[in-house]
Amino acid sequence: MDIVNQLILVAAALLLISILVSVPSRRVGMPLLLVFLALGMLAGEEGPGALRFHNYQAAYMVGSVALAIILFDGGLGTRAATFRVGLRPALSLATLGVIITAAVTGLVASLVFELNWLQGLLVGAIVGSTDAAAVFGLLHAQGLRLKERVSATLEIESGANDPMAIFLTLALVELLAAGATRLDAGVVVLLVQQMGLGLVLGYGGGRLLVYVINRLPLATSLYPLLALAGALVIFSGTLNLGGSGFLAVYVAGLVLGNRPLQANLGIQRFHDGIAWLAQIGMFLMLGLLVTPSALLAVALPALAVALALIFLARPLAVVISLLPFGFPLREQVFVGWVGLRGAVPIILALFPLLADLPNAQRYFNVAFFVVLVSLVLQGWTLAPLARRLGLEVPTTPGWHRRLELDLPGQLDYEMVVYVLSGDSPALGETPATLRLPPGVGVAGLIRDNAVTAGCEAVRLTVGDHLLLLARSDDVETLDRLLTTEKVPEHLRESRFFGEFVLDARATLGDVAGVYGVEVPTDKRDASLSEVLARAFKRRPVVGDRLPLGHLELVVREMEGETITRVGLKLMH
């Protein structure tokens, strides 16, 4: 019993330290995953903790479940609108891009480690996928919002490329274990089977899970557990049927995250927390697995592989994969640099160990070293590079709290609470005079810790708590109406987009008429989006400007191929 108690104490202490250390690491821009890995190594057999852990079977099981939870949470947080913008380039990166990355990195690995080409390709496949949590954790920690298409492409790619890398690794491990020296047509058949079953079972399982959650009358706290259990059933069931369980669980998360769902906010918050726990636990465990002295033995050739991956394989894969989609050079440069490696390569490096392949320990050490180099080199430079390339856009102010409402037959509504600050645009207004979106209702006003009667006629002041009943889609509009966020001068919307923001469906004639600007008669009925689209020989991007007499139009937002909002700037 003493040993069990000590293990619980050590595990709890490591978890507590990991959470506490995350605060200073965010301030200096350090990747959190690097912190967790370092703590695991310090607790390992060659660190002060002196814990010996070499159970690869247990590590694989824990790592696989943790990855499934992280992918499910990633799917839950991905909005359907994102797919209209970045689906095609992201899928190209997640399939063709992973293959190119694996092939180029594998060629370098086979040269520096004197491996045959199939063994080198295995090394390339192991380190072939990016880490969604690492990328967006770093960007969000530094308050960075990227241009829509870049952000959407990276978000979908990092969630969708894991299944491809896992498939390639498993296929190559099976071939090497069978003594094969070349690829055959069976690999293509296996790919179609894995991806096909993953998509079908993930979508079908997700729809079934939505139906069950919305029909069962459970205690509120049980819905997140039901979603988690359902996700793991979809994951393991798909694996047992010969499909890609990782793709299936990601797709199931996408379905749940984009459907009206009972206890939706509770499910989202629970899975956000459980995904963090999975990440911390997985990286601490992987840190325990490695022997630092063994890394030194492969340091120089592994560094060559890491640099080839970062500076050659990933950029080349990005250029080829994004060729049909017209990405500007600066966006390609950034997407090429955002090839941050995380947990997946280390988990995949366990497959050769479990299959008892020759050089298996070397593959593991190389993968671990590549992840360390990627986290240090790329992880610390993501946000500065995004700003340097001009890919940062103003963030939407969001100083509100969201409260879940489970109303029978009404799954779309939630309670949003705003605490009005001294620079809120709503000060001096009354709730009745606020230009609230259609369908948004005022639920109450709390002032000086008391509910205010007849609140709709009361003028709003600093410190008021305004309670609104709203749909989730209206929250961003309410943020703009009720809050002001402190942002750098160069990112103020009036500087970035123009004095006003207009619906891109407005006609050029209507806008020009308001400001007394003459435009040709044949262009008066054209929408602002049509004018901008015709003005550029390439596809417009966010931030493009078009002078029109005394006015200048600025592309503010795009969804897919369509301009949705336009900034209007007066030319002085």
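The second largest cavity is lined by Lys-147, Glu-148, Arg-149, Val-150, Glu-331, Arg-539, Pro-540, Val-541, Val-542 and Met-558. The model is predicted, with local features requiring pLDDT of at least 70 and side-chain atom pairs pLDDT 80 or more, while totals for chains, interfaces and linings use all residues. Residues are numbered from 1 along each chain as its sequence is written, and side-chain values use heavy atoms, leaving out hydrogens and water.

A cavity is a set of points on a 1 Å grid over the protein atoms alone where a 1.4 Å probe fits but cannot get out; a pocket is an open set with protein on both sides within 12 Å along at least five of seven lines, and lining residues have an atom within 4 Å of a point. Volumes are the space filled by probe spheres set on the points, which are joined across faces, edges and corners.

Three cavities of 30 Å³ or more are found in the whole structure. Helix H7 (residues 148–177) supplies the largest share of its lining, three residues. Helices (H or I, at least four residues) and strands (E, at least two) are DSSP runs, numbered from the N terminus. By class, this lining comprises five nonpolar, no polar and five charged residues. Here Ala, Val, Leu, Ile, Met, Phe, Trp, Tyr, Cys and Pro count as nonpolar, Asp, Glu, Lys and Arg as charged, and the others, Gly among them, as polar.

The second largest pocket has a volume of about 520 Å³. Its lining has 20 residues, of which Ala-11, Gly-281, Leu-284, Met-285 and Leu-288 are closest to the centre. Eight lining residues, the largest share, come from H11. The lining divides into 18 nonpolar, one polar and one charged residue.

Two salt bridges (a side-chain nitrogen of Lys or Arg within 4 Å of a carboxyl oxygen of Asp or Glu) are found in the whole structure.

| Salt bridge | N to O distance |
|---|---|
| Glu-157 and Arg-314 | 2.7 Å |
| Asp-464 and Arg-447 | 2.7 Å |

Glu-157 lies in helix H7 and Arg-314 in helix H13 (residues 299–321), so this pair ties together parts 157 residues apart in sequence. Both Glu-157 and Arg-314 are buried, that is, under 20% relative accessible area, with exposed being over 50% and partly exposed in between (1.4 Å probe, protein chains only). Asp-464 is buried at 0%, whereas Arg-447 is partly exposed at 24%.
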